[in-house]
Amino acid sequence: MVTRMQFYHHSRNPLYRSPTGSQPCGAKVTLRLRLEGGLPEAVHLHVWFDKESFYPMRPLTTDPALYEAVFNLPESPCLLWYDFQVWQGGQFYWYGNAEDGLGGEGAFVWHEVRSFQITVYDPAYETPAWTRGAVFYQIFPDRFARGGNMPSAPEGRMVHESWDDLPGLMMDPATGDSVPYDFFGGTLTGIVEKLPYLASLGVTGIYLNPIFHAATNHRFDTTDWMTIDPLLGDEQDFCSLCAAAKALGIRIVLDGVFNHSGNVNPFFQSARATPDSPYRNWYLFEHWPDMYKCWWGFETLPNLNKHQPEVIDYFLTGESAVVRKWPRLGADGWRIDVADELPMEYLALMRRSVKAVAPEGILIGEVWEDASHKVSYDQMRSYCLGDTFDGVMNYPLREAAIGFLTGGLDAAGFKRRMDSLYENYPPPFTEALLNVLGSHDRPRILNVLAGVEGENLSHQDRARLALTEKQRALGVKRLKMLLALIVAMPGMPCVYYGDEAGMEGAADPFNRATFPWGREDKTLTDAFREGLRRKRTVPALSGGALSIDAPTPDILVIKRETPGQTAYTALNRGDHIHTIHIDGQTIALGAYGSVGWEA
């Protein structure tokens, strides 16, 4: 198709879309398209959600090249999509989203649908007020701190005598993978004893990896959701942890593993033992008793039947349901494991159940992509409309930040990805994002930033992997920049235990080593303490409007603005000094450096 006509629409420019960004149900939206180089015979705005509509677009009297349509958004939460269709000279032109699908300036569409998105959310959607300015710390319970009596190992498992051992390499001969049956004896009491340290970092929330009875050290293979794992403590220890944390202004968020159980779970064992077991329909047998659906093919993690009424009652809706019990005992919410494996109606029920017993409780989903339009099992799911999660783990921010800092993405590329993400997310959702630096699912962030992840090494070689002095120095410089960047962005920074102490490690199990008490990198810890203090004490960083500038490929400037304050963060990923000019100020940025200030 060849045309001399010029088309232009920009989804983030209020001249062309007003108001910009996600909007509440029923809001009035004005969309405009600029057409130059010919007089069109017809111009239509094409809108679709659960139905399809075409709105005639009329030229403005003040600017005849600018065509406009005004309409009201649907009254129910949804994703609304739009593009433009033009007839001129007997030809049809289709103009929609950019080729990368990230919004902003549009482009011609040739074959497949490529529309702009408007997220239409529930106007009553609220997320907990305490998330504004919150700072989280993720703990892998077995590896953070011992406290109380040293537990004895269950049969088939072992507890390391030395806290400083490396995680074990117990190999499964059938799969060739490591088997997570070695423990270090971290406990809930140990966490209580370290709460003053966490408070000194500025932590206001703890995200605990699973703490319920399970067979492995990671505890994602639950055997009893109603019982604390005895190696960690008991229910009273949990209540004591919640009480001690609250006394220091720290909230406790639990890991909810509700998609699958472990294969030694009594429910599953019963389901396999007899065909008339009351738990037979709790699981998805393809051929009873040995063929069943399981998470990603792992036979140790059989999938639960989330549509079974008894399962829904046990986990969600019963008076003593799992998601209700633990908030009643002091938990402040849940991080939901493999959220995209759970039906949307299941998540909606979960939200109502949790909020009924803990109105200020939080629900955070493990979603790795843009959570406004995640495609899972051929279904597009939106987790930010106000009916499921408060926020999600913000992996898109993490990946874009790492890409920028390590050279895989320039500053303009980072800006483009983030502008798209925050265009799609409603404001309440944005402030409740869990902005992870590291996590239990990735190699240690120092290794990632130093470019030494060990992904292609054998397990034995990963155990011996250590950064050189030069590699570590580069990783530390970049980690300080990553912290500054994460603090500057909307949402809640989340530090994976030990990253602030300078821990290294390749992928699982070496990213889950014990906290190096007494061997911390004190300088790095102090840098984290100061960076997190800024998040808590600068109001503009907890609700201010976001704008990102990319003056050069190596420079990012992040601005957060409220009526009373503007907070700036400037980062230089390059290896030489840059001088930049921002809002009348001249700023010198050192190599691999960041500067934050307020005006």
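Which side chain does the side chain of S439 make a polar contact with? The partner is the side chain of Y395, at 3.0 Å, where a polar contact is a pair of N or O atoms within 3.5 Å, one able to donate a hydrogen and the other to accept it within protein, with residues adjacent in sequence counting only if both atoms are side-chain atoms. Keep in mind that this is a predicted model: local features need pLDDT of at least 70, side-chain atom pairs count only at pLDDT 80 or more, and totals for chains, interfaces and linings use all residues. Numbering runs from 1 along each chain as its sequence is written, and side-chain values use heavy atoms, with hydrogens and water left out.

**Around S439**
- S439 sits in the loop between β27 (434-436) and α11 (445-450); helices (H or I, at least four residues) and strands (E, at least two) are DSSP runs numbered from the N terminus.
- Its relative accessibility is 1%, so S439 counts as buried (under 20% relative accessible area, with a 1.4 Å probe and protein chains only).
- Beyond neighbours within four places in sequence, S439 is in contact with Q138, Y395, Y496 and N511 (heavy atoms within 4.5 Å).

**Pockets**
- The largest pocket holds about 1,500 Å³ of space; a pocket is an open set of points on a 1 Å grid over the protein atoms alone, where a 1.4 Å probe fits, with protein on both sides within 12 Å along at least five of seven lines.
- Its volume is the space filled by probe spheres set on the points, which are joined across faces, edges and corners.
- Of its 50 lining residues (an atom within 4 Å of a point), H218, W295, F298, L301 and D508 are the closest to the centre.
- β24 (374-376) and α12 (459-464) are the elements giving two or more residues to that lining.
- By class, the lining of the largest pocket has 18 nonpolar, 13 polar and 19 charged residues.
- The second largest pocket comes in at about 550 Å³, and its 26 lining residues include Y422, E423, Y425, A545 and L546 nearest the centre.
- α9 (411-424), α10 (427-431) and β29 (545-552) each supply at least two residues there, with α9 giving the largest share, 5 residues.

**Helix α7**
- α7 (residues 344-357) has 14 residues and reaches 21 Å from first C-alpha to last, close to the expected 20 Å (1.5 Å times one less than the number of residues).
- Among its buried residues are M344, Y346, L347 and A348.
- The cover over the buried residues of α7 includes α5 (309-317), α6 (322-328) and β22 (333-336).

Definitions and conventions:
Nonpolar A, V, L, I, M, F, W, Y, C, P; charged D, E, K, R; others polar. Buried < 20%, exposed > 50% of the residue type's maximum accessible area, 1.4 Å probe, protein only.
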